[in-house]
Amino acid sequence: MTLSGQMQAIDSTYAILPELPAVGGNEGVGQVMEVGDKVKTLKVGDWVIPRDAGIGTWRTATVLKADDLVTLPKDIPVLSAATLGVNPCTAFRMLTDFEELKPGDTVIQNAANSRVGQAVIQIAAAKGIQTINVVRDRPDLQQLSDSTGSHTRHHRDDQKRRSFSRSVSLFSCPRPKLALNGVGGKSATEMLRLLQ
């Protein structure tokens, strides 16, 4: 999220305001059911996602211009395809827009089990960047830790600062250069204390 995007969220405004009546939704995957005679870039059966936000994906059918769509390979799981246009892009921008990260650097994030958090983990791993992944305490914590990676720590809302910092410092990785916050409150404050 860019700084202007953060400010828009704080102001409760949005960059895209469609004319009403409008259909909501920016994520989703669709299947092409028909194509016009002059369309050469799409064929019946193709999986597609919106090229840009604001098309309105919360619908069962629509008619769109071929230029408004991006074709996807069908070997992507449907749930991944449905979120491909927003969450991985958001994760990529968060990893590249705020800090110049190099292989071996570390990023800490809370809400690591969210779709954006999972994308951060995968993109960072592909770039040789280590992640410390903070998630809320829960009954399935071990299973969640296994899915988010080896550097996973949980927190309770009442967790004291010293125990949070001590538990993260147990990792054999450099202090984080970047903190990604999706939660706020004590978790965000404690992550900031751990930055280089």
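Asn 87 lies in helix 3, which covers residues 87-97. This is a predicted model, in which local features need pLDDT of at least 70 and side-chain atom pairs count only at pLDDT 80 or more, while totals for chains, interfaces and linings use all residues. Residues are numbered from 1 along each chain as its sequence is written, and side-chain values use heavy atoms, with hydrogens and water left out. Helices (H or I, at least four residues) and strands (E, at least two) are DSSP runs, numbered from the N terminus.

Asn 87 counts as buried because its relative accessibility is 12%; buried means under 20% relative accessible area, exposed over 50%, and partly exposed in between, with a 1.4 Å probe and protein chains only. Leaving aside residues up to four places away in sequence, Asn 87 touches Glu 27, Arg 115, Val 116 and Ala 119, where contact means heavy atoms within 4.5 Å.

The protein chain as a whole has seven helices and seven strands. Read from the N terminus, its elements run α-β-β-β-α-α-β-α-β-α-β-α-β-α. Of the 196 residues in the protein chain, 32% are buried. Among contacts with a separation of 6 or more, 57% join residues 24 or more positions apart. The accessible surface of the protein chain is about 12700 Å², and carbon and sulfur atoms hold 54% of that surface; the areas come from the Shrake-Rupley method with a 1.4 Å probe, and for residues only the protein chains shown count as cover.

Lys 40 is found in the loop between strand 1 and strand 2. Its relative accessible area is 71%, so Lys 40 is exposed. Lys 40 and Ala 66 are 26 residues apart in sequence, with 8.8 Å from C-alpha to C-alpha.

The second largest pocket holds about 600 Å³ of space. A pocket is an open set of points on a 1 Å grid over the protein atoms alone, where a 1.4 Å probe fits, with protein on both sides within 12 Å along at least five of seven lines; lining residues have an atom within 4 Å of a point. The lining of the second largest pocket has 26 residues, and Gly 30, Gln 31, Val 48, Thr 62 and Leu 64 lie nearest its centre. Strand 1 (30-31) and strand 2 (47-50) are the elements that give two or more residues to this lining. Strand 2 provides the largest share, three residues. By class, the lining has 15 nonpolar, eight polar and three charged residues.

Conventions. Grid points are joined across faces, edges and corners, and a volume is the space filled by probe spheres set on the points. Ala, Val, Leu, Ile, Met, Phe, Trp, Tyr, Cys and Pro count as nonpolar, Asp, Glu, Lys and Arg as charged, and the others, Gly among them, as polar.
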